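Hi,

Here is the structure I promised to hand over. Please open it first, then read the notes below it.

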Amino acid sequence: MRSTFNFTVMGNLAGLIFALASLAVSSTLATSSRPHVILILADDYGFHDIGYHGSKIKTPVLDKLAGEGVKLEKYYVQPICTPTRSQLMTGRYQIHTGLQHSVIHPWVPNSLPLDETTLPQKLKEYGYATHMVGKWHLGFYKEECVPHKRGFDSFFGYYNGQEDYLTHIRAGGFDFRDNDNLATNYNNTYSSFVFAEHAKKVILGHNKSQPLFLYIPFQAVHAPLEAPASYIEPYKTIFPANKSRQIYAGMAACMDEAIGNITATLKSTGLYDNSVIIFSTDNGGIIQQGGNNWPLRGWKNTLWEGGVRAVGFVHSPLLPKQVLGTVNHQLIHVSDWFPTIVEGLAKGDTKGTKPLDGYNVWPCISENKASPRNEILHNIDPLTVIHQGKRWKNSTFDVRVRAALRSGDWKILTGVYGSVNWIAPPSSGIVPFYPNVVKDQVVFLFNITADPNEYNDLSGKYPEVVDSMLEKLANYNKTAVPCVYPLPDPKSDPRFHGGVWGPWR
Ligand SMILES: *[C@@H]1O[C@H](CO)[C@@H](O)[C@H](O)[C@H]1NC(C)=O
Ligand SMILES: *[C@@H]1O[C@H](CO)[C@@H](O)[C@H](O)[C@H]1NC(C)=O
Ligand SMILES: *[C@@H]1O[C@H](CO)[C@@H](O)[C@H](O)[C@H]1NC(C)=O
Ligand SMILES: *[C@@H]1O[C@H](CO)[C@@H](O)[C@H](O)[C@H]1NC(C)=O
């Protein structure tokens with residue numbers, strides 16, 4: 001059914017063949033079983049740190065999967081862990097879930113709001129088996145908040161982030177679960193091995209006649225910097241002067257291998273033939289912890305491109321041949337996966353959810369159609385405010401509040417200092433260029449299409465564009481719910497719960 005023509009030399013015929021091939025694929029999806037969806041999330045994985053972005057870190061598995069699939073190169077996530085995961089699970093911006101600020105720390109009574117419909121909940125309506133292997137980071141203070149009560153049939157992994165990779169302890173509390181049971185049999189086993197093994201077990205135990213949703217949010221390559229020695233070894237000569245980078249590279253290499261193992265199991269069971277594999281990072285890399293986002297500006301926890309522009313791709317034998325091996329330059333955001341997976345892949349609808357901020361971008365990925373998205377609200381965080389900053393004349397939006405918005409070619413950032421700069425990859429020999437920054441400046445405007453690395457602030461040159469972007473921000477802000485960021489609860493302390501992090505209310 002699939003054309004083997006070289007469509008690049010076929011001129012107008014290409015469009016027709018393309019359309020026919022897409023039709024064939026859509027009808028395959030509609031009439032036969034729904035595809036399996038394998039959603040893999042890396043943690044703190046920097047924009048530069050994948051082989052095909054020119055990194056010296058070798059990621060042969062990811063390179064091959066991406067190279068045979070569709071690389072997403074205008075793809076955005078949120079700048080830190082909980083926010084990205086919250087949008088992945090709900091398709092909704094943080095201003096609409098109350099999670100505008102920071103992450104959910106282990107000791108706070110907070111979670112993804114219980115009245116949100118999650119992606120696995122929705123997929124269960126369409127007959128999916130739903131399993132999660134990896135890091136949750138969306139709250140666990142009450143029983144109702146944990147992943148296997150939020151739509152996953154099974155959960156294996158961490159409630160929090162930043163555990164030790166071997167002891168699975170975070171801040172004095174053990175944090176490794178197999179559903180409600182403590183997963184105590186994995187002491188001294190590095191989490192990427194455990195997750196790969198467990199994901200394989202899920203795949204092997206899955207009845208092929210049912211569609212599978214398998215969510216694998218790896219712990220790697222988040223700090224603490226830990227990797228098995230054999231994975232670090234090759235990088236001692238590649239990054240001789242930078243130990244953090246050596247270990248980080250080992251962490252990425254091990255994750256890459258784990259994904260290879262999972263993919264091999266998908267193939268050996270035959271699930272692969274009807275699978276869509278989505279890979280994404282959750283945010284930019286941390287420079288001090290070995291990550292790198294070159295050539296982008298900034299890093300994790302900033303709204304500069306280095307915090308939010310992400311590594312991501314889709315790999316699937318179900319994709320039309322015409323898009324295989326292509327680079328997609330459509331604007332896509334992490335909130336888009338919810339409707340994309342539900343409508344585009346599971347052929348369902350999003351009725352019953354709260355209003356979504358994401359779009360179904362499956363036509364954009366699988367047929368290179370124009371993205372329905374022209375804007376991304378990167379965030380408005382009412383609790384991060386620069387007090388000494390100057391206000392913008394006449395604006396109803398308080399520019400001392402940390403916020404960023406992308407609209408068409410424009411990107412505005414408010415409530416940030418400009419001192420955040422560009423860090424070249426270690427051992428690259430590149431000397432970055434640092435422009436001068438005006439003291440106390442808190443508003444920045446970029447033509448992000450022309451200047452993707454945010455070198456040239458245009459806020460002084462185009463004040464009327466700043467005005468209109470601020471008006472848009474003010475309008476988004478009118479739809480915001482109050483930010484929920486409770487104080488730590490001493491009752492959460494693992495010492496009161498047998499040395500374990502777990503629901504305490
Ligand atoms: C895990 O292994 C470490 C290092 O071998 C050891 O110190 C620790 O007591 C072990 N933890 C448990 C819960 O057995
Ligand atoms: C798989 O599911 C189908 C449909 O529910 C059922 O008929 C079949 O017996 C199941 N196979 C196994 C091995 O459980
Ligand atoms: C490693 O490189 C990063 C920049 O990517 C830098 O911040 C860090 O200080 C370097 N570490 C050492 C030990 O040179
Ligand atoms: C991948 O599978 C091989 C073969 O079973 C195993 O030796 C290796 O440790 C696995 N790697 C990871 C990261 O799971």
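Predicted model: local features only at pLDDT ≥ 70, side-chain atom pairs only at ≥ 80, totals over all residues.

Residues are numbered from 1 along each chain as its sequence is written, chains are lettered from A and ligands numbered from 1 in the order written, and side-chain values use heavy atoms, leaving out hydrogens and water.

Cysteines. A disulfide is a covalent bond between the sulfur atoms of two cysteines. The cut-off here is a pair of cysteine sulfur atoms within 2.5 Å. The whole structure was searched, and zero disulfides turned up. Take Cys81: its closest cysteine sulfur is in Cys483, 17 Å away, so it is too far for a bond. Cys81 is buried at 1% relative accessibility (buried is under 20% relative accessible area, exposed over 50%, partly exposed in between, with a 1.4 Å probe and protein chains only). Cys364 is buried too, at 1%.

Strand E5. Strands (E, at least two residues) and helices (H or I, at least four) are DSSP runs, numbered from the N terminus. E5 spans residues 154–158, and five of the five are buried, so the rest of the structure largely encloses it. Strands pair if DSSP finds at least two bridges between them. E4 (residues 129–135) runs parallel to E5, with five bridges. E8 (residues 177–178) runs antiparallel to E5, with two bridges. Phe156 stands opposite Val133 and has Asp178 as its bridge partner in E8.

Thr117. This residue sits in the loop between helices H3 (81–90) and H4 (119–124). Thr117 is buried, at 17%.

Best wishes
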